[in-house]
Amino acid sequence: MAIRKIREIGDPILRKKSKEVSQVTDRIKILLDDMADTMYKADGVGLAAPQVGLLKRVIVVDIRDEDGLIKLVNPEIIEKDGEQVGVEGCLSVPDFNANVKRPEHVVVKYLDEEGEEKQIEAHGLKAVALCHEIDHLNGVLFVDKYEEEVKFD
Ligand SMILES: [Zn+2]
């Protein structure tokens with residue numbers, strides 16, 4: 001378990017496309033655990049591997065609901081529908097929040113930390129978190145697609 005350094009906007013690694021993970025090795029499991037620790041320490045609801053400097057298709061999400069922490073390797077959106085607009089932030093984009101349009105519902109397939117193929121269905125905030133983190137794997141940041149900045153006092 002270790003806290004990793006979070007890369008911030010301007011770092012070119014955040015703009016690169018991450019590579020598929022061919023096998024869920026012990027190193028990937030350690031990465032998943034470190035990413036979870038890093039996300040919790042920063043009080044985030046999700047984190048993608050490029051944010052800690054690794055171009056691998058690995059994300060963690062925890063919106064603090066009954067599902068708790070979800071570790072996803074090679075996540076892929078296989079269904080999406082509906083629409084929602086909500087305020088987002090990003091651990092790699094300090095002091096900036098904005099409204100972003102996302103699907104209301106998604107189904108994501110992925111490998112879990114045992115390498116088993118799984119699917120997760122998500123609505124609302126969990127769908128937002130999954131879409132946001134999967135965007136990171138493609139070098140996309142929410143600042144590329146926001147509708148308007150939201151300022152908090
Ligand atoms: Zn982010």
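User: How are the donor residues of the zinc ion spaced in sequence?

Analyst: The model is a predicted one. Its zinc ion is coordinated by Cys90 through SG and by His132 and His136 through NE2, at 2.0 to 2.2 Å. Written as a sequence pattern, the spacing of these donor residues is C-x41-H-x3-H.

User: How many residues apart in sequence are the parts that the pair Cys90 and His132 ties together?

Analyst: Cys90 belongs to strand β4, residues 84-90, while His132 belongs to helix α2, residues 124-137. Both Cys90 and His132 are buried. Because one sits in the strand and the other in the helix, the pair links parts whose separation in sequence is 42 residues.

User: In what order do the three strands of the open sheet lie?

Analyst: β4 and β5 (residues 93-102) pair in the antiparallel sense over six bridges, and within this pairing Gln84 has Arg102 in β5 as its bridge partner. The open sheet has three strands with antiparallel pairing, in the order β4-β5-β8.

User: Which are the edge strands there?

Analyst: An edge strand of this sheet pairs on one side only. From one strand to the next, the twist averages 35°. The strands at the edges are β4 and β8 (146-149).

User: What angle does the direction of α2 make with that of β4?

Analyst: Helix α2 packs on the sheet, where α2 touches β4 and β5. His132, a zinc donor, lies in this helix. The direction of α2 and that of β4 make an angle of about 55°.

User: Which residue stands opposite Glu79 in β6?

Analyst: Strand β3 (residues 70-81) is joined to strand β2 (residues 58-61) by four bridges, and the two run antiparallel; there Val60 stands opposite Lys71. β3 is also joined to β6 (residues 105-111), by six bridges and again antiparallel. In β6, the residue opposite Glu79 is Val107.

User: Is Leu137 buried or exposed?

Analyst: Leu137 is found in helix α2. Apart from neighbours within four places in sequence, its contacts include Ala48, Pro50, Val58, Ile59 and Pro75. The relative accessibility of Leu137 is 0%, and buried means under 20%, so Leu137 counts as buried.

User: How far apart in space are Leu137 and Val106, C-alpha to C-alpha?

Analyst: In sequence, Leu137 and Val106 are 31 residues apart. Their separation in space, taken from C-alpha to C-alpha, is 17 Å.

Notes: Residues numbered from 1 in each chain as written. Predicted model: local features only at pLDDT ≥ 70, side-chain atom pairs only at ≥ 80, totals over all residues. Heavy atoms only, no water. Donors = N, O, S within 2.8 Å, 3.2 Å for Na, K, Ca; no water. Buried < 20%, exposed > 50% of the residue type's maximum accessible area, 1.4 Å probe, protein only. Pairing = 2+ DSSP bridges. Axes fitted to C-alpha atoms, helices over the stretch in contact; angles between N-to-C directions. Contact = heavy atoms within 4.5 Å.
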